Amino acid sequence: MICEYKGKYPKIHETAFITEDAVVTGDVTIQEKASIWFKTVIRGDVAPVYIGKEVNIQDQSMLHQSPNKPLIIHDGVTVGHQVLLHSAIIEKNALIGMGSTILDGAEIGEGAFIGAGSLVPPGKKIPPNTMAFGRPAKIIRDLTDEDIKEMDRIRRSYVEKGQYYKELLEKK
């Protein structure tokens, strides 16, 4: 379901893929080849949500915000299954592991990896190219070349899957 909220309608690039059972409402921008997966909810009814190019928001994730605090997800980000993002900034090519929660004012650095089930508290800054894990999240280590290659593989696979499903559904 894609719908307006108080006169604000989502801006969705024609190459983006959004499943039929996802909800996108209000002041939301979704860029090229982004993919929004099954049962995800993105509500731009308090502040803006920006989703960059080739971002994937996986199944059952929830994106929302507090007043005057937008949610910004830069290009190439992977957001795992059942993630909660609330008024945070996620920099380019970061990966947010399944079941994680990222709260108001948190900043996830470029290429950072947040391990599954982590909680990044309000205002916490995770440096670029590091792995953070836990509740609350703590820096574990710098990422290896292998970590970065795996994150890129995951991102590329979701761009490919999203485009496949988009073409499949457009043929119907």
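In strand 20, the residue that stands as bridge partner to Ala132 is Ile139, where strands are DSSP runs of E of at least two residues and helices are runs of H or I of at least four residues, both numbered from the N terminus. The model is a predicted one, in which local features need pLDDT of at least 70 and side-chain atom pairs count only at pLDDT 80 or more, whereas totals for chains, interfaces and linings use all residues. Residues are numbered from 1 along each chain as its sequence is written, and side-chain values use heavy atoms, with hydrogens and water left out.

The bridge between Ala132 and Ile139 belongs to the antiparallel pairing of strand 19 (residues 130–133) with strand 20, which extends over four bridges; two strands are said to pair if DSSP finds at least two bridges between them. Strand 19 and strand 20 form a hairpin with four residues between them, and in its turn Gly134 has a positive phi of about 115 degrees. Both strands are part of an open sheet of eight strands, arranged in the order 3-5-7-10-13-16-19-20 with mixed pairing. The edges of this sheet are strand 3 (17–18) and strand 20 (138–142), each of which pairs on one side only.

Leu95, which is found in strand 13, stands opposite Phe113 in strand 16. Leu95 counts as buried because its relative accessibility is 7%, buried meaning under 20% relative accessible area, exposed over 50%, and partly exposed in between, with a 1.4 Å probe and protein chains only. When neighbours within four places in sequence are left aside, Leu95 is in contact (heavy atoms within 4.5 Å) with Thr78, Ala112, Phe113, Ile114, Met151 and Ile154. The C-alpha atoms of Leu95 and Pro121, which are 26 residues apart along the chain, are separated by 17 Å.

Strand 4 (residues 23–30) is mostly covered, with seven of its eight residues buried. Strand 1 (residues 2–3) runs parallel to strand 4 and is joined to it by two bridges, and Cys3 has Thr25 of strand 4 as its bridge partner. Strand 2 (residues 11–12) likewise pairs with strand 4 in the parallel sense over two bridges, and here the bridge partner of Lys11 is Thr29. The parallel pairing of strand 4 with strand 6 (residues 41–51) extends over seven bridges, and Val23 has Val41 of strand 6 as its bridge partner.

Taken over the whole chain, the secondary structure comes to one helix and 20 strands. The radius of gyration, taken over C-alpha atoms, is 15 Å, close to the 16 Å that the globule rule gives for 172 residues, so the chain is as compact as a globular protein of that length; the globule rule is 2.2 Å times the number of residues to the power 0.38. The C-alpha trace spans about 45 × 35 × 20 Å along its principal axes. Of the 172 residues, 47% count as buried, and residues 24 or more positions apart account for 11% of the contacts with a separation of 6 or more. The accessible surface of the chain, computed by the Shrake-Rupley method with a 1.4 Å probe, comes to about 8500 Å², of which 55% belongs to carbon and sulfur atoms.
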